[in-house]
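Visitor: I have a model to look at. Please walk me through it, briefly.

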Amino acid sequence: MKEERFIILLERYFSNELSKEEESEFFSLIENDTQLKKEFEEQKQIKEILRKMEIKNPDRNAWEGYWLSIYNKLERGIAWILISLAAIVILFYGAIEALNKILVNNHIPSIVKYAYLALVLGVVILIVSVAREKFFTFKRDKYKEIQR
Amino acid sequence: MEFEKIVKKNMRKGYYAALNFVGAHDEALELSQQAFVKAFKNFNKFDKSKNFFVWYYTILKNLCLNYLRDNKKKISIDLIIEHKAEESESNPQLAAERNNLKELVQKALFELDAEDREIIMLREFENYSYKEIAEILQLPEGTVMSRLFYARKKLAKKLERYLK
């Protein structure tokens, strides 16, 4: 309890927010407890070291191209979505067309026809499975808007 | 474009926040930009009456923590801190000592847990108030003070030899 109060007063001391009463309470705590006094000195030392330092600024060019880089990423994201959607539609259409042609062609052995059917079915199951997993993860993930 | 204005207003803060986690300039730039891209994609979910940076910071922090988790062995940390201009030293011996201290402090900071380093960087380097840190980290102010105290204490322990 005493330490909790000490921490709050210490932080308020560092940010010059102590009232007169709090200031006397703080210094009385320190004067009457050698451990707290030691803590105070240690924290003061660290604050003093850190006060003299700052984070290096990046190259000016970094800021000039910052927005453009984000814009490019957004633009490419849209392009990838369009490409993926178009590829799915075209592949799906191609698969149906090929299926029709293969099934009605009497020169193709039955085993190849079954293999083709199995291939199409396998791809459909795979797509449905991945889509279902993504959908359920999205519904349950409370950080869905944060990380993906 | 509204989002462009938001990016330009928050990009520096975003970059420094990422730098606090990953300690490397190029990665910090990339991660802070990726976080803006994610923020844009989910912008319809953002409550515009709230502080954008607080929302963005959550996205960025998760990206940075994922990055740290996935790249544990590959991360090379740049020297990201320096002495303030007014602290420059003309005496070569003292200047060398200061350089040494800068490296010691940086090493100690990056030996801390990401969350201890985060709170120290927010307060001591970026000068956010306790209230602002509480808002960003979504913690009560008292907890911020307490976490800051213990994070500094851990830093002091790492700099023990220098402090004596």
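Guide: There is a kink of about 50° in α1(B), centred on Asn10(B). This is a predicted model, where local features need pLDDT of at least 70, side-chain atom pairs count only at pLDDT 80 or more, and totals for chains, interfaces and linings use all residues. Residues are numbered from 1 along each chain as its sequence is written, chains are lettered from A and ligands numbered from 1 in the order in which they are written, and side-chain values use heavy atoms, leaving out hydrogens and water.

Visitor: At which residue is the kink in α1(B) centred?

Guide: Helices are DSSP runs (H or I, at least four residues), numbered from the N terminus. The bend at a residue is the angle between axes fitted to the seven residues ending there and the seven starting there. In α1(B), the kink of about 50° is centred on Asn10(B).

Visitor: Is Asn16(A) buried or exposed?

Guide: Asn16(A) sits in the loop between α1 (2-14) and α2 (20-31) of chain A. Its phi is positive, near 55°. Buried means under 20% relative accessible area, exposed over 50%, partly exposed in between (1.4 Å probe, protein chains only). At 72% relative accessibility, Asn16(A) is therefore exposed.

Visitor: Which loop of chain B holds Asn127(B)?

Guide: Phi of Asn127(B) is near 55°, a positive value in a residue other than glycine. At 57% relative accessibility, Asn127(B) counts as exposed. Its loop is the one between α5 (114-125) and α6 (130-137).

Note on methods
Helix = DSSP H or I, 4+ residues; strand = E, 2+ residues; numbered from the N terminus.
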